[in-house]
Amino acid sequence: MTDPIADYLTRLRNAIKAQHRVVDVPASNLKKEITKILFEKGYILNFKFIEDGPQGTIKIALKYDPINRVNAIKELQRVSTPGLRRYAGYKNVPRVLNGLGIAILSTSKGVMTDKEARDLKIGGEVLCYVY
């Protein structure tokens, strides 16, 4: 697999389209950090790290509106790929939907959202947009 983050986002996208409640994703430290950010910002209902074997898995409970069955995540978009890395300085960190969505960045201080990166005045690799 050449792009594990794109695979992670695609598994979430496919589970949302199929209206699954839970999705299992192979774990890595970067995927765990992205999952924590999605949980803190309210895009997923819950998550659990399962240590089975050398890699482990992440069990993610997706968040739906109980009346309309509409998911909290409208779109997941991969920005930086292994073939074309996208970096942004702290002055150029993108705003997603004028602040309604989040951009997830990998910085020297760890994985964080665009707002946190602007507050700390650090840039980094723009991994994905979520809204």
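## Fold and dimensions of a predicted chain

Among the contacts in the chain with a separation of 6 or more, 61% join residues 24 or more positions apart, a contact being heavy atoms within 4.5 Å. This is a predicted model, in which local features need pLDDT of at least 70 and side-chain atom pairs count only at pLDDT 80 or more, while totals for chains, interfaces and linings use all residues. Residues are numbered from 1 along each chain as its sequence is written, and side-chain values use heavy atoms, with hydrogens and water left out.

The chain holds three helices and eight strands, where helices (H or I, at least four residues) and strands (E, at least two) are DSSP runs numbered from the N terminus; their order from that end is α-β-α-β-β-β-β-β-β-α-β. Because its radius of gyration, 15 Å, is close to the 14 Å that the globule rule gives for 131 residues, the chain is as compact as a globular protein of that length (the radius is taken over C-alpha atoms, and the rule is 2.2 Å times the number of residues to the power 0.38).

| Property of the chain | Value |
|---|---|
| Span of the C-alpha trace along its principal axes | about 40 × 40 × 25 Å |
| Buried share (under 20% relative accessible area, 1.4 Å probe, protein chains only) | 40% of the 131 residues |
| Accessible surface (Shrake-Rupley method, 1.4 Å probe) | about 7600 Å² |

Strand E6 (residues 102-107) pairs with strand E7 (residues 110-113) in the antiparallel sense over four bridges, pairing requiring at least two bridges found by DSSP. A hairpin through two residues joins E6 to E7, and isoleucine 104 stands opposite threonine 113 in E7.

How values were computed
Buried means under 20% relative accessible area, exposed over 50%, partly exposed in between (1.4 Å probe, protein chains only).
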